[in-house]
Amino acid sequence: MKKFYRLLLAGALLAGITGNAQTKKQLKPEDYGKWQSLGATAISNNGAWLAWQMMVQKDNDSLFLENLLTKKKYAIAFASGPVFSGDNQWIAYRVGVSYKESEKLEEQKKPVEYSTGYMNLVTGRQYSIKNAGRFSFSENGKFLAITLDPAKGNTEKGSILLLRNLTDSTTRTIGNVTASAFNKKGDFLAYVIEGANDAANSVELFNLNTYALKVLASDTCRFSQLTWQKNGDALCFMKTVKSPDHEEETGVIYTYTNVYKTPALTLLSNSDLAGLPKDMRIVPTANIGLSEDITSVFFGLNKWTEKPKKDTAKKAPAAKDSTRKDSAALVKAAPKKDSSLKNPSGLDIWHWKDEEIQPRQKLTYNQDKNANFLGVYNFDKKNFIQVADSVFPRASIGGKQKIAVVMNDTKYKPAFKEDYADFHLVDLKTGTRKLLGEKKLAGYYTGFNSSPDGKYLTYFADQNWWVYDVQQNQHRNLSGGIKTDFWNTKDDHPATKPPFGMAGWTKGDKDLLVYDEYNIYALQADGKKTRKLTSGEKDEIVFRIVRTDAENEYFDETKPIILSAYGDKTKRSGFYQLNKGQVQELVYADKAMGRLTKAKDADVYAYLQQTFSESPSVVAVNGDWKKSTVVATTNPQQKDYAWGKSELVNFTNKKGQQLQGALFYPADYQPGKKYPMVVYIYEILSNTLHGYTSPNERSAYNTTNFTTNGYFIFRPDIVYDINEPGMSAVNCVVPAVEEVLKTGMIDENKVGLMGHSWGAYQTSFIITQTNLFKAAIAGAPLTDLISMSMSIYWNSGVPDQKIFETSQGRFDGPWYDRMEEHIRNSPMFQAKNINTPLMVAFGDKDGAVDWHQGIEMYGTLRRMQKPHIMLVYADENHGLAKKENQIDYQKRQFEFFDHYLLGKPAPKWIEEGVKYSEKMKK
């Protein structure tokens with residue numbers, strides 16, 4: 001009898017467990033539209049209020065607010081882009097339309113008309129201004145400027161600006177405004193007025209304290225480039241002037257300084273710039289700006305083009321017969337005209353000496369046409385200096401606007417591999433130039449970057465961090481004596497190895513903060529001392545500095561500095577604190593944590609956290625990090641559906657390197673059962689272990705779409721050997737999959753492979769080397785590495801050969817020097833070995849991978865009569881953008897894998913294809 005009851009109890013427990021499992025629904029495509037994602041977040045300056053946007057795939061978006069102290073909450077429909085006022089009394093936001101209305105407008109190809117909304121955080125009262133998509137608060141939060149969208153058929157050049165006094169609820173209406181800006185302290189609003197009638201053009205300054213209005217300039221000419229000095233104590237703007245003798249317009253610079261005490265208005269035109277070449281002009285469309293100390297104004301210069309002079313000379317009388325012989329002789333002696341100069345408008349001449357090829361020149365035409373050279377006028381020295389010119393055309397202004405670095409890369413063009421340039425330092429007060437370096441790498445870190453105070457220029461060379469001491473005229477190696485690698489030892493591209501990175505400077509340009517693989521180092525600028533600030537190598541934790549104050553150019557070590565922390569092998573993440581030399585853990589867990597923000601005037605933080613199975617949430621935490629609160633969660637409906645989980649897989653590639661991969665379980669996983677698996681590849685993907693993926697019918701290669709439909713998804717890491725990109729992928733992916741197969745969870749006859757772009761190339765190649773995969777999908781793959789290396793990346797207009805020889809291609813030479821390697825690693829040249837059904841997808845306007853790569857593979861496999869399908873989406877680029885195409889591709893992926901991996905009946909398009917005539921009937 002006891003045995004009977006034990007069996008009965010066990011049966012009841014099993015039934016209960018099974019019953020609980022059955023309460024979880026299977027996620028279907030019609031359910032995807034419920035899924036939410038988090039948009040922008042914001043914290044009020046005092047840390048009392050937190051705002052976040054909740055976006056829903058097929059429902060209305062909303063903006064949510066919560067008072068972290070009182071727990072008061074608000075929800076605002078269709079709102080986004082929250083901005084709190086400086087006095088913590090208001091919040092403003094942009095308001096759109098409902099989901100259904102936006103869908104309707106998209107179908108009609110009409111834009112959404114936005115409104116500006118704002119709310120009093122004390123009373124909760126909300127206000128709305130229709131057809132107003134732009135707004136800004138004054139720094140103190142007392143005023144809100146709202147720009148109305150122009151009405152249809154409006155002929156005015158400017159827009160209506162509403163200046164709302166949030167203290168007394170009054171509104172000042174200003175018409176025909178083309179530009180406006182509050183100064184930093186929030187005491188003044190400057191704006192430019194330009195109407196249909198030129199007589200109305202002016203620049204005005206409105207005192208927000210006294211309501212006094214001052215017209216700074218008025219003219220029939222156009223005003224533009226309105227810019228406040230950093231601290232808001234002065235401003236500058238430009239007037240555009242036509243020249244009777246030149247094709248282009250020129251500019252007159254206005255500066256209005258000392259706005260709080262004894263204001264002064266100064267004008268600068270071409271004639272005021274002593275030393276300006278006669279063929280140069282001030283460019284009215286170029287940016288202008290004042291130095292922090294208001295002793296200098298910066299502007300752009302370019303050449304004039306003289307108008308052709310009218311020929312006023314009288315025509316000579318017709319020649320008499322007696323002169324015909326002489327005339328004929330003259331005609332015979334005249335040189336022949338070069339017929340090639342009669343250039344048809346459709347003709348492009350591609351020349352082997354082109355610095356940039358024609359497609360690149362076309363893309364940058366407007367930018368090049370409007371290019372200008374930096375100039376500066378110093379009021380204190382009463383001198384003009386042309387900083388940049390045709391020899392050194394590019395310039396960047398250094399700290400405190402006292403120096404500039406100019407560079408010239410034209411002598412090293414065309415650059416088939418890495419970009420080099422010559423660099424000079426320019427003293428912006430005297431114009432003195434000093435050579436910094438010739439034929440230096442012109443990258444972000446390898447170029448010369450100014451410290452905040454302008455005392456030093458940093459650059460990375462010879463695998464070390466260097467500074468150039470501006471005062472001492474000395475180059476100094478800061479990291480050479482440290483026994484660690486500051487160059488990225490994980491970088492496997494065939495180019496000069498970049499550094500792990502740089503955080504910035506401490507106060508007073510004292511220390512340069514840089515990174516090695518795990519740690520942060522402080523390198524004293526005088527080279528006398530170095531400090532290791534963290535010890536991440538002990539637990540293989542990567543520490544990096546989080547910049548929580550965007551306004552400060554330096555880091556203040558007298559105050560706590562927040563660090564991000566990432567477990568290189570564990571994939572854990574979180575935040576630590578560096579305080580007075582001590583590193584303290586704040587939060588660190590098996591989750592993905594990021595998007596940290598801080599209240600400006602309070603020690604209150606907010607960040608996002610998530611895992612693959614835990615939908616993203618917003619967490620608020622106080623300054624000591626002892627108390628955290630989950631303020632907002634997403635996707636509560638997920639609890640009703642079966643969901644998968646993720647885990648790390650460690651494996652060794654064929655070269656003996658220890659690597660990892662992220663394995664995602666099917667939602668209905670049951671131990672002992674074998675499941676199908678799809679492997680998604682690109683490069684390093686194990687770091688996606690804790691990434692939450694919302695199901696989405698418009699998202700191809702979507703992990704959750706697959707796991708909720710009974711598939712395992714595996715995302716292994718791939719590392720590379722030079723000249724062997726395809727074989728490197730094989731040497732990593734195959735051992736990775738074999739490691740997962742050892743678990744017994746996967747049906748080895750039901751393993752698929754997929755990837756997009758570079759991942760698609762590897763997919764196409766791997767199946768030439770193994771029969772491990774029973775089906776493969778490649779979105780926009782490179783198939784012929786020789787023809788691809790000679791193609792053009794049309795989205796940027798540059799040759800692909802540079803990508804092949806310095807970046808992702810990982811060849812250390814051109815195809816004709818590495819022909820065997822290019823052929824050996826090309827899917828098309830190895831296609832005879834393919835036994836795996838392959839589906840390829842392309843957009844016929846792909847500007848990254850020429851879709852003819854797909855045609856080459858299609859023609860090859862069709863000739864071999866191997867199972868192959870190519871999907872070509874009209875008018876699509878490298879990634880599908882049209883909703884209907886996104887949905888279609890996602891569905892076809894499942895139909896393809898379901899047939900070849902699960903044995904489901906094949907749709908007609910897989911069995912027979914679709915004839916063009918059938919398509920046209922539909």
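A cavity here is a set of points, on a 1 Å grid over the protein atoms alone, where a 1.4 Å probe fits but cannot get out. Lining residues have an atom within 4 Å of such a point. Grid points are joined across faces, edges and corners, and a volume is the space filled by probe spheres set on the points. By this rule, two cavities of 30 Å³ or more turn up.

The model is predicted, so to speak of local features takes pLDDT of at least 70, and side-chain atom pairs count only at pLDDT 80 or more, while totals for chains, interfaces and linings use all residues. Residues are numbered from 1 along each chain as its sequence is written, and side-chain values use heavy atoms, with hydrogens and water left out.

View 1. C732 is buried, at 0% relative accessibility (buried means under 20% relative accessible area, with a 1.4 Å probe and protein chains only).

**View 2. The second largest cavity.** This one has a volume of about 30 Å³. Its lining consists of S789, M790, Q801, F804, E805, F811, G813, P814, W815 and H822. Helix α10 (residues 800–806) gives the most to this lining, with three residues; helices are DSSP runs of H or I, at least four residues, numbered from the N terminus. By class, the lining holds five nonpolar, four polar and one charged residue.

**View 3. A four-stranded open sheet.** Follow the order β37-β39-β40-β41, with antiparallel pairing. Strands are DSSP runs of E, at least two residues, and two of them pair if DSSP finds at least two bridges between them. At the edges, β37 (541–545) and β41 (582–589) each pair on one side only. From one strand to the next, the twist averages 25°, with axes fitted as lines to C-alpha atoms and angles running from 0 to 180 degrees between N-to-C directions.

**View 4. Close-up of β39 and β40.** Six bridges join β39 (residues 561–567) to β40 (residues 573–579).

**View 5. C236, a cysteine without a partner.** The structure holds zero disulfides, a disulfide being a pair of cysteine sulfur atoms within 2.5 Å. For C236, the nearest cysteine sulfur, that of C221, is 18 Å away. C236 is buried, with a relative accessible area of 0%.

Note on methods: On a 1 Å grid over the protein atoms alone, a cavity is a set of points where a 1.4 Å probe fits but cannot get out, and a pocket is an open set with protein on both sides within 12 Å along at least five of seven lines; lining residues have an atom within 4 Å of a point. Ala, Val, Leu, Ile, Met, Phe, Trp, Tyr, Cys and Pro count as nonpolar, Asp, Glu, Lys and Arg as charged, and the others, Gly among them, as polar. Buried means under 20% relative accessible area, exposed over 50%, partly exposed in between (1.4 Å probe, protein chains only).
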